[in-house]
Amino acid sequence: MLRIQTSLCCHVTKSRSRFIICEAALKDGRQNYHVLTEKKRQDGVFLDKRSGKWRSYDRKKLSRKKGGALRGKGWKYGSGFVDGIFPVLSPNAQNILEYVQFELEYAKIWKCLDNLPATHGLFDDLINVSVQLRINKQWGPIISVSEWIIYKSSFQPDVICYNLLIDAYNQKSQLKKAESVYSKLLEARCVPTEDTYALLLKAYCDSGFLHKAEAVLSEMRQNGIAPSVIVYNAYISGLAKRRQVQKAVEIFERMKKERCKPSTETYTSMINVFGKANQPQMAQKIFNEMKTEECNPNICTYTALINAFARSGLCQKAEQVFEELQQSGLEPDVYVYNALMEAYSRAGFPYGATEIFSLMKHMGCEPDRASYNILIDAFGRAGLHADAEMTFEEIKKQGMEPTMKSYMLLLSAYSKSGNIPKCEYLMNQMHKSGLKPDTFALNSMLNAYGRAGRFDKMEETLTLMESGPYPPHISTYNILINLYGKSGFFERMEVLFNNVGKKGLKADVVTWTSRIGAYSKRKMYKKCLSVFEEMVDSGCYPDGSTGKVLISACCNEEQIKQVSEIVRSMHKEAQTMLVA
(Lines give C-alpha, C1' and ligand atoms only; values in the text may rest on other atoms or scores of the structure.)
Protein backbone atom coordinates (compact mmCIF):
# COMPACT_ATOMS: atom_id res chain seq x y z
CA MET A 1 0.00 0.00 0.00
CA LEU A 2 2.91 2.31 0.90
CA ARG A 3 4.49 1.62 -2.49
CA ILE A 4 1.30 2.59 -4.30
CA GLN A 5 0.96 5.84 -2.34
CA THR A 6 4.63 6.75 -2.94
CA SER A 7 4.32 6.04 -6.67
CA LEU A 8 1.15 8.12 -6.95
CA CYS A 9 2.68 11.01 -5.02
CA CYS A 10 5.75 10.92 -7.27
CA HIS A 11 3.57 10.97 -10.41
CA VAL A 12 1.51 13.93 -9.15
CA THR A 13 4.69 15.82 -8.15
CA LYS A 14 6.22 15.28 -11.60
CA SER A 15 3.02 16.41 -13.35
CA ARG A 16 2.80 19.50 -11.16
CA SER A 17 6.48 20.35 -11.72
CA ARG A 18 6.00 20.04 -15.47
CA PHE A 19 2.97 22.33 -15.30
CA ILE A 20 4.92 24.96 -13.28
CA ILE A 21 7.74 24.88 -15.85
CA CYS A 22 5.25 25.39 -18.73
CA GLU A 23 3.55 28.22 -16.85
CA ALA A 24 6.85 29.93 -16.09
CA ALA A 25 7.91 29.62 -19.73
CA LEU A 26 4.74 31.39 -20.83
CA LYS A 27 4.57 34.02 -18.05
CA ASP A 28 8.04 35.36 -18.81
CA GLY A 29 6.56 36.73 -22.03
CA ARG A 30 8.80 38.25 -24.65
CA GLN A 31 12.08 37.29 -23.00
CA ASN A 32 11.22 33.61 -22.79
CA TYR A 33 9.71 33.57 -26.27
CA HIS A 34 12.94 34.90 -27.84
CA VAL A 35 15.07 32.54 -25.72
CA LEU A 36 12.97 29.58 -26.90
CA THR A 37 13.24 30.75 -30.52
CA GLU A 38 17.03 31.08 -30.26
CA LYS A 39 17.31 27.67 -28.59
CA LYS A 40 15.14 26.17 -31.33
CA ARG A 41 17.57 27.49 -33.97
CA GLN A 42 20.56 26.13 -32.07
CA ASP A 43 19.02 22.70 -31.65
CA GLY A 44 18.06 22.44 -35.34
CA VAL A 45 20.82 20.01 -36.33
CA PHE A 46 20.81 16.56 -37.92
CA LEU A 47 23.29 13.93 -39.12
CA ASP A 48 23.52 13.77 -42.91
CA LYS A 49 23.78 10.04 -43.61
CA ARG A 50 25.23 10.57 -47.07
CA SER A 51 28.18 12.76 -45.98
CA GLY A 52 28.38 11.68 -42.34
CA LYS A 53 28.48 15.35 -41.27
CA TRP A 54 26.31 17.28 -38.85
CA ARG A 55 24.15 19.87 -40.60
CA SER A 56 21.84 22.59 -39.29
CA TYR A 57 18.37 23.64 -40.38
CA ASP A 58 15.71 26.15 -39.44
CA ARG A 59 12.75 24.28 -37.91
CA LYS A 60 10.32 26.98 -38.95
CA LYS A 61 11.32 26.70 -42.60
CA LEU A 62 11.05 22.92 -42.42
CA SER A 63 7.59 23.28 -40.86
CA ARG A 64 6.47 25.53 -43.71
CA LYS A 65 7.91 23.16 -46.27
CA LYS A 66 5.78 20.31 -44.90
CA GLY A 67 2.68 22.44 -44.54
CA GLY A 68 3.81 24.43 -41.53
CA ALA A 69 1.79 27.52 -40.81
CA LEU A 70 -1.92 26.91 -41.23
CA ARG A 71 -3.01 30.55 -41.55
CA GLY A 72 -5.77 31.04 -44.09
CA LYS A 73 -5.68 27.47 -45.39
CA GLY A 74 -9.13 26.48 -44.17
CA TRP A 75 -10.25 23.16 -42.86
CA LYS A 76 -10.18 19.64 -44.20
CA TYR A 77 -13.47 18.47 -42.69
CA GLY A 78 -13.82 15.19 -40.86
CA SER A 79 -10.22 13.96 -40.89
CA GLY A 80 -8.71 15.59 -37.82
CA PHE A 81 -6.01 17.07 -40.09
CA VAL A 82 -5.61 20.42 -41.76
CA ASP A 83 -4.41 20.13 -45.37
CA GLY A 84 -3.81 16.44 -44.72
CA ILE A 85 -0.87 16.88 -42.32
CA PHE A 86 -0.14 16.73 -38.62
CA PRO A 87 0.93 20.12 -37.25
CA VAL A 88 4.67 20.56 -36.58
CA LEU A 89 4.95 22.08 -33.09
CA SER A 90 7.75 24.47 -32.23
CA PRO A 91 9.20 24.35 -28.67
CA ASN A 92 7.08 27.35 -27.72
CA ALA A 93 3.96 25.70 -29.19
CA GLN A 94 4.76 22.56 -27.19
CA ASN A 95 4.91 24.65 -24.00
CA ILE A 96 1.58 26.29 -24.83
CA LEU A 97 0.04 22.88 -25.57
CA GLU A 98 1.14 21.41 -22.25
CA TYR A 99 -0.02 24.47 -20.35
CA VAL A 100 -3.55 24.65 -21.83
CA GLN A 101 -3.97 20.88 -21.38
CA PHE A 102 -3.27 21.22 -17.65
CA GLU A 103 -4.83 24.58 -16.79
CA LEU A 104 -8.64 24.53 -16.53
CA GLU A 105 -9.33 28.22 -15.87
CA TYR A 106 -9.77 30.23 -19.05
CA ALA A 107 -8.85 33.50 -17.29
CA LYS A 108 -5.39 32.18 -16.36
CA ILE A 109 -4.79 30.85 -19.88
CA TRP A 110 -5.78 34.21 -21.38
CA LYS A 111 -3.55 36.09 -18.92
CA CYS A 112 -0.55 33.99 -19.93
CA LEU A 113 -1.31 34.40 -23.64
CA ASP A 114 -1.64 38.19 -23.13
CA ASN A 115 2.01 38.24 -21.99
CA LEU A 116 3.30 36.74 -25.25
CA PRO A 117 4.32 39.04 -28.14
CA ALA A 118 1.69 39.25 -30.90
CA THR A 119 3.82 37.94 -33.76
CA HIS A 120 3.07 35.83 -36.82
CA GLY A 121 5.04 33.07 -35.13
CA LEU A 122 2.72 33.10 -32.11
CA PHE A 123 -0.36 32.97 -34.34
CA ASP A 124 1.04 29.97 -36.21
CA ASP A 125 1.88 28.28 -32.90
CA LEU A 126 -1.64 28.81 -31.53
CA ILE A 127 -3.28 27.40 -34.65
CA ASN A 128 -0.95 24.39 -34.60
CA VAL A 129 -1.75 23.86 -30.92
CA SER A 130 -5.51 24.07 -31.59
CA VAL A 131 -5.30 21.55 -34.43
CA GLN A 132 -3.29 19.17 -32.23
CA LEU A 133 -5.93 19.56 -29.49
CA ARG A 134 -8.62 18.68 -32.05
CA ILE A 135 -6.74 15.54 -33.02
CA ASN A 136 -6.67 14.69 -29.28
CA LYS A 137 -10.40 15.54 -29.01
CA GLN A 138 -9.70 18.05 -26.21
CA TRP A 139 -12.51 20.50 -26.88
CA GLY A 140 -12.23 22.64 -23.72
CA PRO A 141 -8.67 23.84 -24.41
CA ILE A 142 -9.58 24.51 -28.07
CA ILE A 143 -12.36 26.82 -26.85
CA SER A 144 -9.99 28.68 -24.50
CA VAL A 145 -7.34 29.26 -27.19
CA SER A 146 -9.76 30.05 -30.06
CA GLU A 147 -11.85 32.43 -27.93
CA TRP A 148 -8.68 34.31 -26.94
CA ILE A 149 -7.68 34.71 -30.60
CA ILE A 150 -11.14 35.88 -31.71
CA TYR A 151 -12.31 37.96 -28.75
CA LYS A 152 -9.22 38.99 -26.75
CA SER A 153 -6.17 39.24 -28.99
CA SER A 154 -5.06 41.87 -31.51
CA PHE A 155 -4.87 39.21 -34.24
CA GLN A 156 -7.16 39.25 -37.27
CA PRO A 157 -8.72 35.75 -37.02
CA ASP A 158 -9.06 33.78 -40.23
CA VAL A 159 -11.67 31.16 -41.13
CA ILE A 160 -9.82 28.29 -39.46
CA CYS A 161 -10.17 29.96 -36.01
CA TYR A 162 -13.93 30.23 -36.43
CA ASN A 163 -14.21 26.69 -37.80
CA LEU A 164 -12.25 25.26 -34.87
CA LEU A 165 -14.48 27.06 -32.39
CA ILE A 166 -17.74 26.07 -34.14
CA ASP A 167 -16.60 22.44 -34.12
CA ALA A 168 -15.53 22.54 -30.45
CA TYR A 169 -18.83 24.06 -29.31
CA ASN A 170 -20.77 21.42 -31.24
CA GLN A 171 -18.74 18.66 -29.61
CA LYS A 172 -19.65 20.18 -26.22
CA SER A 173 -23.36 20.30 -27.27
CA GLN A 174 -23.44 24.11 -27.13
CA LEU A 175 -25.34 24.87 -30.32
CA LYS A 176 -26.23 28.49 -29.49
CA LYS A 177 -22.58 29.35 -28.94
CA ALA A 178 -21.66 27.66 -32.23
CA GLU A 179 -24.30 29.82 -33.95
CA SER A 180 -22.94 32.97 -32.29
CA VAL A 181 -19.44 32.16 -33.57
CA TYR A 182 -20.83 31.85 -37.11
CA SER A 183 -22.55 35.24 -36.71
CA LYS A 184 -19.27 36.71 -35.49
CA LEU A 185 -17.53 35.25 -38.57
CA LEU A 186 -19.99 37.04 -40.86
CA GLU A 187 -19.69 40.32 -38.89
CA ALA A 188 -15.90 40.15 -39.30
CA ARG A 189 -16.46 39.80 -43.07
CA CYS A 190 -14.59 36.54 -43.05
CA VAL A 191 -15.77 34.38 -45.96
CA PRO A 192 -17.16 31.02 -44.78
CA THR A 193 -15.78 27.99 -46.59
CA GLU A 194 -17.58 24.78 -47.54
CA ASP A 195 -16.08 23.33 -44.36
CA THR A 196 -17.75 26.03 -42.26
CA TYR A 197 -21.10 25.04 -43.76
CA ALA A 198 -20.31 21.34 -43.24
CA LEU A 199 -19.58 21.95 -39.54
CA LEU A 200 -22.81 23.95 -39.17
CA LEU A 201 -24.83 21.17 -40.83
CA LYS A 202 -23.28 18.61 -38.51
CA ALA A 203 -24.07 20.78 -35.48
CA TYR A 204 -27.74 21.13 -36.48
CA CYS A 205 -28.10 17.41 -37.24
CA ASP A 206 -26.48 16.45 -33.94
CA SER A 207 -28.94 18.72 -32.10
CA GLY A 208 -31.96 17.48 -34.10
CA PHE A 209 -32.68 20.81 -35.85
CA LEU A 210 -33.08 19.42 -39.36
CA HIS A 211 -35.02 22.46 -40.61
CA LYS A 212 -32.02 24.64 -39.74
CA ALA A 213 -29.74 22.22 -41.59
CA GLU A 214 -31.88 22.76 -44.70
CA ALA A 215 -31.59 26.52 -44.14
CA VAL A 216 -27.78 26.20 -44.31
CA LEU A 217 -28.05 24.63 -47.78
CA SER A 218 -30.44 27.40 -48.87
CA GLU A 219 -28.00 30.05 -47.63
CA MET A 220 -25.18 28.42 -49.60
CA ARG A 221 -27.24 28.55 -52.80
CA GLN A 222 -28.24 32.18 -52.16
CA ASN A 223 -24.54 33.02 -51.89
CA GLY A 224 -23.90 31.29 -55.21
CA ILE A 225 -22.12 28.30 -53.63
CA ALA A 226 -23.22 24.86 -54.81
CA PRO A 227 -23.12 22.33 -51.95
CA SER A 228 -20.05 20.14 -52.45
CA VAL A 229 -19.52 16.47 -51.63
CA ILE A 230 -17.95 17.54 -48.30
CA VAL A 231 -21.14 19.38 -47.31
CA TYR A 232 -23.42 16.54 -48.39
CA ASN A 233 -21.24 14.00 -46.58
CA ALA A 234 -21.51 16.02 -43.34
CA TYR A 235 -25.30 16.21 -43.75
CA ILE A 236 -25.78 12.48 -44.47
CA SER A 237 -23.39 11.51 -41.67
CA GLY A 238 -25.38 13.68 -39.23
CA LEU A 239 -28.65 12.12 -40.39
CA ALA A 240 -27.15 8.63 -39.96
CA LYS A 241 -26.43 9.40 -36.30
CA ARG A 242 -30.02 10.56 -35.82
CA ARG A 243 -31.30 7.43 -37.64
CA GLN A 244 -33.21 9.62 -40.08
CA VAL A 245 -33.41 7.04 -42.88
CA GLN A 246 -35.95 8.70 -45.21
CA LYS A 247 -34.30 12.12 -44.95
CA ALA A 248 -30.86 10.63 -45.62
CA VAL A 249 -32.19 8.85 -48.73
CA GLU A 250 -33.80 12.12 -49.88
CA ILE A 251 -30.51 14.05 -49.50
CA PHE A 252 -28.56 11.25 -51.23
CA GLU A 253 -30.92 11.34 -54.23
CA ARG A 254 -30.89 15.14 -54.32
CA MET A 255 -27.09 15.06 -54.33
CA LYS A 256 -27.05 12.82 -57.41
CA LYS A 257 -29.69 14.94 -59.20
CA GLU A 258 -27.51 18.01 -58.68
CA ARG A 259 -24.65 16.09 -60.34
CA CYS A 260 -22.54 16.08 -57.21
CA LYS A 261 -20.73 12.76 -57.48
CA PRO A 262 -20.92 10.70 -54.26
CA SER A 263 -17.56 9.77 -52.77
CA THR A 264 -16.49 6.65 -50.87
CA GLU A 265 -17.41 8.45 -47.64
CA THR A 266 -20.91 9.19 -49.01
CA TYR A 267 -21.61 5.55 -49.82
CA THR A 268 -20.15 4.46 -46.47
CA SER A 269 -22.48 6.86 -44.63
CA MET A 270 -25.49 5.54 -46.57
CA ILE A 271 -24.54 1.95 -45.71
CA ASN A 272 -24.40 3.06 -42.05
CA VAL A 273 -27.85 4.68 -42.42
CA PHE A 274 -29.46 1.42 -43.55
CA GLY A 275 -27.36 -0.69 -41.18
CA LYS A 276 -28.58 1.25 -38.14
CA ALA A 277 -32.15 0.94 -39.45
CA ASN A 278 -31.79 -2.87 -39.59
CA GLN A 279 -32.11 -2.87 -43.38
CA PRO A 280 -29.04 -4.91 -44.44
CA GLN A 281 -30.46 -5.65 -47.91
CA MET A 282 -30.63 -1.92 -48.67
CA ALA A 283 -27.08 -1.52 -47.34
CA GLN A 284 -25.96 -4.23 -49.79
CA LYS A 285 -27.83 -2.43 -52.59
CA ILE A 286 -25.90 0.77 -51.88
CA PHE A 287 -22.63 -1.20 -51.85
CA ASN A 288 -23.48 -2.71 -55.24
CA GLU A 289 -24.34 0.73 -56.65
CA MET A 290 -21.00 2.00 -55.37
CA LYS A 291 -19.10 -0.65 -57.33
CA THR A 292 -21.24 -0.02 -60.44
CA GLU A 293 -20.26 3.66 -60.27
CA GLU A 294 -16.59 2.56 -60.05
CA CYS A 295 -16.16 4.14 -56.63
CA ASN A 296 -13.66 2.02 -54.72
CA PRO A 297 -14.76 0.91 -51.23
CA ASN A 298 -12.23 1.33 -48.42
CA ILE A 299 -11.88 -0.57 -45.17
CA CYS A 300 -14.47 1.69 -43.48
CA THR A 301 -17.01 0.78 -46.20
CA TYR A 302 -16.49 -2.94 -45.68
CA THR A 303 -16.69 -2.50 -41.89
CA ALA A 304 -19.99 -0.60 -42.24
CA LEU A 305 -21.45 -3.38 -44.42
CA ILE A 306 -20.30 -6.12 -42.02
CA ASN A 307 -21.88 -4.12 -39.18
CA ALA A 308 -25.14 -3.86 -41.17
CA PHE A 309 -25.36 -7.66 -41.41
CA ALA A 310 -24.07 -8.07 -37.84
CA ARG A 311 -26.95 -6.03 -36.37
CA SER A 312 -29.39 -8.54 -37.89
CA GLY A 313 -27.27 -11.53 -36.84
CA LEU A 314 -26.59 -12.56 -40.46
CA CYS A 315 -23.27 -14.37 -39.90
CA GLN A 316 -22.88 -15.91 -43.35
CA LYS A 317 -23.45 -12.59 -45.12
CA ALA A 318 -21.00 -10.86 -42.78
CA GLU A 319 -18.43 -13.58 -43.51
CA GLN A 320 -18.88 -13.14 -47.26
CA VAL A 321 -18.14 -9.41 -46.94
CA PHE A 322 -15.12 -10.23 -44.75
CA GLU A 323 -13.77 -12.56 -47.47
CA GLU A 324 -14.42 -9.94 -50.17
CA LEU A 325 -12.47 -7.41 -48.10
CA GLN A 326 -9.46 -9.73 -47.99
CA GLN A 327 -9.71 -10.50 -51.72
CA SER A 328 -9.62 -6.76 -52.46
CA GLY A 329 -6.14 -6.62 -50.92
CA LEU A 330 -7.15 -4.80 -47.73
CA GLU A 331 -5.94 -6.07 -44.36
CA PRO A 332 -8.66 -6.43 -41.68
CA ASP A 333 -8.15 -4.21 -38.65
CA VAL A 334 -9.58 -4.49 -35.13
CA TYR A 335 -12.82 -2.74 -36.19
CA VAL A 336 -13.45 -5.32 -38.92
CA TYR A 337 -12.83 -8.25 -36.57
CA ASN A 338 -15.07 -6.63 -33.93
CA ALA A 339 -17.88 -6.24 -36.48
CA LEU A 340 -17.61 -9.92 -37.42
CA MET A 341 -17.59 -10.94 -33.74
CA GLU A 342 -20.74 -8.84 -33.26
CA ALA A 343 -22.47 -10.81 -36.04
CA TYR A 344 -21.90 -14.09 -34.19
CA SER A 345 -22.88 -12.52 -30.87
CA ARG A 346 -26.20 -11.21 -32.23
CA ALA A 347 -26.91 -14.56 -33.90
CA GLY A 348 -26.49 -16.38 -30.58
CA PHE A 349 -23.18 -18.13 -31.39
CA PRO A 350 -20.80 -17.06 -28.59
CA TYR A 351 -18.15 -19.62 -29.49
CA GLY A 352 -18.20 -18.37 -33.09
CA ALA A 353 -17.31 -14.92 -31.70
CA THR A 354 -14.55 -16.58 -29.64
CA GLU A 355 -13.09 -18.16 -32.79
CA ILE A 356 -12.95 -14.76 -34.53
CA PHE A 357 -11.30 -13.34 -31.39
CA SER A 358 -8.62 -16.07 -31.55
CA LEU A 359 -8.16 -15.51 -35.29
CA MET A 360 -7.64 -11.80 -34.69
CA LYS A 361 -4.83 -12.47 -32.21
CA HIS A 362 -3.32 -15.14 -34.47
CA MET A 363 -3.17 -12.62 -37.34
CA GLY A 364 -1.28 -10.17 -35.13
CA CYS A 365 -4.18 -7.77 -34.64
CA GLU A 366 -4.35 -6.71 -31.00
CA PRO A 367 -7.87 -6.85 -29.48
CA ASP A 368 -9.11 -3.64 -27.89
CA ARG A 369 -11.55 -3.05 -25.05
CA ALA A 370 -14.48 -3.22 -27.47
CA SER A 371 -13.38 -6.73 -28.52
CA TYR A 372 -13.64 -7.96 -24.92
CA ASN A 373 -16.96 -6.15 -24.46
CA ILE A 374 -18.39 -7.95 -27.50
CA LEU A 375 -17.30 -11.29 -26.01
CA ILE A 376 -18.93 -10.40 -22.66
CA ASP A 377 -22.13 -9.56 -24.53
CA ALA A 378 -21.95 -12.78 -26.59
CA PHE A 379 -21.63 -14.97 -23.48
CA GLY A 380 -24.23 -12.91 -21.59
CA ARG A 381 -26.82 -13.27 -24.38
CA ALA A 382 -26.29 -17.05 -24.34
CA GLY A 383 -26.64 -17.24 -20.54
CA LEU A 384 -22.99 -18.27 -20.07
CA HIS A 385 -22.43 -15.99 -17.09
CA ALA A 386 -19.21 -17.64 -15.87
CA ASP A 387 -17.58 -17.15 -19.29
CA ALA A 388 -18.81 -13.55 -19.40
CA GLU A 389 -17.27 -12.84 -16.00
CA MET A 390 -13.98 -14.53 -16.96
CA THR A 391 -13.78 -12.26 -20.02
CA PHE A 392 -14.53 -9.25 -17.80
CA GLU A 393 -11.62 -10.20 -15.52
CA GLU A 394 -9.39 -10.75 -18.55
CA ILE A 395 -9.78 -7.04 -19.40
CA LYS A 396 -8.06 -6.20 -16.09
CA LYS A 397 -5.33 -8.79 -16.66
CA GLN A 398 -4.53 -7.15 -20.00
CA GLY A 399 -3.85 -3.87 -18.17
CA MET A 400 -7.06 -2.20 -19.30
CA GLU A 401 -9.73 -0.67 -17.09
CA PRO A 402 -13.30 -1.94 -17.62
CA THR A 403 -15.51 0.85 -18.95
CA MET A 404 -19.09 1.65 -18.06
CA LYS A 405 -20.13 -0.47 -21.05
CA SER A 406 -18.13 -3.46 -19.71
CA TYR A 407 -20.01 -3.30 -16.42
CA MET A 408 -23.29 -2.67 -18.23
CA LEU A 409 -23.00 -5.79 -20.40
CA LEU A 410 -22.19 -8.01 -17.43
CA LEU A 411 -24.93 -6.37 -15.37
CA SER A 412 -27.42 -6.94 -18.21
CA ALA A 413 -26.47 -10.63 -18.38
CA TYR A 414 -27.11 -11.17 -14.68
CA SER A 415 -30.27 -9.02 -14.66
CA LYS A 416 -31.84 -11.23 -17.36
CA SER A 417 -31.34 -14.26 -15.13
CA GLY A 418 -32.73 -12.39 -12.10
CA ASN A 419 -29.49 -12.75 -10.12
CA ILE A 420 -30.05 -9.77 -7.81
CA PRO A 421 -27.06 -10.33 -5.43
CA LYS A 422 -24.66 -10.36 -8.38
CA CYS A 423 -26.26 -7.24 -9.90
CA GLU A 424 -25.99 -5.34 -6.61
CA TYR A 425 -22.36 -6.48 -6.24
CA LEU A 426 -21.54 -5.13 -9.71
CA MET A 427 -23.22 -1.79 -8.91
CA ASN A 428 -21.04 -1.50 -5.79
CA GLN A 429 -17.92 -2.34 -7.82
CA MET A 430 -18.89 0.37 -10.31
CA HIS A 431 -19.04 2.93 -7.50
CA LYS A 432 -15.67 1.80 -6.12
CA SER A 433 -14.00 2.11 -9.52
CA GLY A 434 -15.18 5.73 -9.77
CA LEU A 435 -17.86 5.11 -12.40
CA LYS A 436 -21.30 6.60 -11.82
CA PRO A 437 -24.16 4.31 -12.92
CA ASP A 438 -26.19 5.95 -15.69
CA THR A 439 -29.82 5.53 -16.78
CA PHE A 440 -29.12 2.29 -18.62
CA ALA A 441 -27.28 0.71 -15.66
CA LEU A 442 -30.28 1.51 -13.46
CA ASN A 443 -32.54 0.07 -16.18
CA SER A 444 -30.71 -3.25 -15.75
CA MET A 445 -31.42 -3.12 -12.00
CA LEU A 446 -35.12 -2.47 -12.75
CA ASN A 447 -35.13 -5.49 -15.04
CA ALA A 448 -33.43 -7.70 -12.44
CA TYR A 449 -35.87 -6.70 -9.66
CA GLY A 450 -38.88 -7.14 -11.96
CA ARG A 451 -37.84 -10.61 -13.16
CA ALA A 452 -37.39 -11.67 -9.54
CA GLY A 453 -40.83 -10.28 -8.62
CA ARG A 454 -39.31 -7.60 -6.38
CA PHE A 455 -41.69 -4.84 -7.47
CA ASP A 456 -41.06 -2.89 -4.25
CA LYS A 457 -37.34 -2.57 -5.09
CA MET A 458 -38.25 -1.76 -8.68
CA GLU A 459 -40.42 1.17 -7.54
CA GLU A 460 -37.65 2.36 -5.19
CA THR A 461 -35.21 2.41 -8.12
CA LEU A 462 -37.71 4.32 -10.29
CA THR A 463 -38.19 6.93 -7.56
CA LEU A 464 -34.40 7.26 -7.28
CA MET A 465 -34.12 7.80 -11.03
CA GLU A 466 -36.89 10.42 -11.10
CA SER A 467 -35.23 12.44 -8.34
CA GLY A 468 -31.59 11.85 -9.35
CA PRO A 469 -29.27 13.12 -12.07
CA TYR A 470 -30.19 10.29 -14.46
CA PRO A 471 -33.85 10.74 -15.45
CA PRO A 472 -35.87 7.82 -16.87
CA HIS A 473 -35.54 7.20 -20.60
CA ILE A 474 -38.30 5.75 -22.81
CA SER A 475 -36.44 2.42 -22.46
CA THR A 476 -37.00 2.69 -18.68
CA TYR A 477 -40.77 2.85 -19.14
CA ASN A 478 -40.62 0.07 -21.74
CA ILE A 479 -39.07 -2.24 -19.13
CA LEU A 480 -41.63 -1.27 -16.47
CA ILE A 481 -44.64 -1.58 -18.83
CA ASN A 482 -43.40 -4.96 -20.05
CA LEU A 483 -42.78 -6.34 -16.54
CA TYR A 484 -46.06 -5.11 -15.02
CA GLY A 485 -47.99 -6.20 -18.12
CA LYS A 486 -46.58 -9.74 -18.07
CA SER A 487 -47.45 -10.03 -14.38
CA GLY A 488 -51.05 -8.93 -15.01
CA PHE A 489 -50.85 -5.56 -13.21
CA PHE A 490 -52.75 -3.74 -15.94
CA GLU A 491 -53.76 -0.75 -13.83
CA ARG A 492 -50.16 0.08 -12.89
CA MET A 493 -49.08 -0.56 -16.49
CA GLU A 494 -51.61 1.97 -17.81
CA VAL A 495 -50.55 4.57 -15.21
CA LEU A 496 -46.93 4.21 -16.34
CA PHE A 497 -47.98 4.42 -19.99
CA ASN A 498 -49.85 7.68 -19.33
CA ASN A 499 -46.81 9.05 -17.47
CA VAL A 500 -44.67 8.69 -20.61
CA GLY A 501 -46.24 11.76 -22.23
CA LYS A 502 -46.27 13.70 -18.95
CA LYS A 503 -42.49 13.21 -18.63
CA GLY A 504 -41.94 14.72 -22.07
CA LEU A 505 -41.19 11.34 -23.67
CA LYS A 506 -42.79 9.71 -26.70
CA ALA A 507 -43.97 6.10 -26.75
CA ASP A 508 -42.08 4.09 -29.38
CA VAL A 509 -42.94 0.81 -31.12
CA VAL A 510 -41.55 -1.20 -28.16
CA THR A 511 -43.79 0.70 -25.69
CA TRP A 512 -46.93 0.03 -27.72
CA THR A 513 -46.03 -3.59 -28.48
CA SER A 514 -45.32 -4.30 -24.79
CA ARG A 515 -48.72 -2.87 -23.89
CA ILE A 516 -50.49 -4.95 -26.58
CA GLY A 517 -48.47 -8.01 -25.49
CA ALA A 518 -49.78 -7.73 -21.93
CA TYR A 519 -53.41 -8.01 -23.11
CA SER A 520 -52.47 -10.59 -25.75
CA LYS A 521 -51.19 -12.92 -23.06
CA ARG A 522 -54.71 -12.98 -21.52
CA LYS A 523 -56.33 -13.41 -24.99
CA MET A 524 -58.04 -10.00 -24.72
CA TYR A 525 -58.40 -9.70 -28.50
CA LYS A 526 -60.68 -6.64 -28.66
CA LYS A 527 -58.51 -4.71 -26.23
CA CYS A 528 -55.44 -5.57 -28.33
CA LEU A 529 -57.09 -4.19 -31.48
CA SER A 530 -58.16 -1.07 -29.59
CA VAL A 531 -54.58 -0.39 -28.42
CA PHE A 532 -53.30 -1.15 -31.93
CA GLU A 533 -55.65 1.51 -33.39
CA GLU A 534 -54.36 4.01 -30.79
CA MET A 535 -50.82 3.15 -31.85
CA VAL A 536 -51.46 3.79 -35.55
CA ASP A 537 -53.40 6.99 -34.80
CA SER A 538 -50.45 8.29 -32.74
CA GLY A 539 -48.19 8.00 -35.79
CA CYS A 540 -46.15 5.06 -34.50
CA TYR A 541 -45.63 2.47 -37.23
CA PRO A 542 -45.92 -1.20 -36.10
CA ASP A 543 -43.12 -3.73 -36.74
CA GLY A 544 -42.96 -7.53 -37.04
CA SER A 545 -43.12 -8.01 -33.26
CA THR A 546 -46.39 -6.09 -33.15
CA GLY A 547 -47.89 -8.47 -35.70
CA LYS A 548 -46.75 -11.50 -33.69
CA VAL A 549 -48.38 -10.35 -30.45
CA LEU A 550 -51.60 -9.54 -32.31
CA ILE A 551 -51.73 -13.05 -33.77
CA SER A 552 -51.03 -14.60 -30.35
CA ALA A 553 -54.15 -12.80 -29.03
CA CYS A 554 -56.41 -14.63 -31.49
CA CYS A 555 -58.82 -17.27 -30.21
CA ASN A 556 -60.32 -18.53 -33.51
CA GLU A 557 -59.75 -18.75 -37.27
CA GLU A 558 -61.77 -15.63 -38.04
CA GLN A 559 -59.61 -13.50 -35.75
CA ILE A 560 -56.41 -14.98 -37.22
CA LYS A 561 -57.66 -14.12 -40.72
CA GLN A 562 -58.48 -10.55 -39.65
CA VAL A 563 -55.04 -10.01 -38.06
CA SER A 564 -53.28 -11.60 -41.05
CA GLU A 565 -54.95 -9.04 -43.33
CA ILE A 566 -53.71 -6.25 -41.04
CA VAL A 567 -50.15 -7.64 -41.06
CA ARG A 568 -50.15 -7.99 -44.88
CA SER A 569 -51.35 -4.39 -45.32
CA MET A 570 -48.56 -3.27 -42.93
CA HIS A 571 -45.93 -4.94 -45.15
CA LYS A 572 -47.41 -3.41 -48.32
CA GLU A 573 -47.30 0.07 -46.77
CA ALA A 574 -43.69 -0.50 -45.68
CA GLN A 575 -42.66 -1.50 -49.21
CA THR A 576 -44.47 1.51 -50.71
CA MET A 577 -42.69 3.86 -48.30
CA LEU A 578 -39.30 2.31 -49.12
CA VAL A 579 -39.78 2.56 -52.89
CA ALA A 580 -40.96 6.17 -52.57
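Guide: Welcome! This protein has 31 helices and two strands; helices (H or I, at least four residues) and strands (E, at least two) are DSSP runs, numbered from the N terminus. The model is predicted, so local features need pLDDT of at least 70 and side-chain atom pairs count only at pLDDT 80 or more, while totals for chains, interfaces and linings use all residues. Residues are numbered from 1 along each chain as its sequence is written, and side-chain values use heavy atoms, with hydrogens and water left out.

Visitor: What percentage of the 580 residues is buried?

Guide: Buried residues (under 20% relative accessible area, with a 1.4 Å probe and protein chains only) make up 48% of the 580 residues.

Visitor: How do I read the packing of two helices?

Guide: Two packed helices are described by the angle between their axes and the distance between the axes. Here, helix α8 (residues 159-171) packs with helix α9 (residues 175-187) at about 165°, and their axes are 8 Å apart. That makes the two helices α8 and α9 roughly antiparallel, a term for angles over 145 degrees.

Visitor: Which residues of α8 and α9 make the contact?

Guide: Contact means heavy atoms within 4.5 Å. From α8 come Val-159, Tyr-162, Leu-165, Ile-166 and Tyr-169, and from α9 come Lys-177, Ala-178, Val-181, Tyr-182, Lys-184 and Leu-185. These residues divide into nine nonpolar, no polar and two charged. In this scheme Ala, Val, Leu, Ile, Met, Phe, Trp, Tyr, Cys and Pro count as nonpolar, Asp, Glu, Lys and Arg as charged, and the others, Gly among them, as polar.

Visitor: How many aromatic pairs does the structure hold?

Guide: Rings of Phe, Tyr and Trp (its six-membered ring) pair if their centres lie within 6.5 Å, and planes over 60 degrees apart count as edge-to-face. The structure holds 14 aromatic pairs. One of them is Phe-392 with Tyr-407, edge-to-face at 5.0 Å centre to centre, with 70° between the planes. Phe-392 lies in helix α21 (residues 385-397) and Tyr-407 in helix α22 (residues 404-416), so the pair ties together parts 15 residues apart in sequence. Both Phe-392 and Tyr-407 are buried.

Visitor: Where do Phe-497 and Trp-512 lie?

Guide: Phe-497 and Trp-512 form an edge-to-face pair, 4.9 Å centre to centre, with 70° between the planes. Phe-497 is in helix α27 (residues 490-502) and Trp-512 in helix α28 (residues 509-521), 15 residues apart. Phe-497 and Trp-512 are buried.

Note on methods. Axes are lines fitted to C-alpha atoms, for helices over the stretch in contact, and angles run from 0 to 180 degrees between N-to-C directions. Angles under 35 degrees count as roughly parallel, over 145 as roughly antiparallel, 65 to 115 as roughly perpendicular and the rest as oblique. Rings of Phe, Tyr and Trp (its six-membered ring) pair if their centres lie within 6.5 Å; planes under 30 degrees apart count as stacked, over 60 as edge-to-face and the rest as tilted. Buried means under 20% relative accessible area, exposed over 50%, partly exposed in between (1.4 Å probe, protein chains only).
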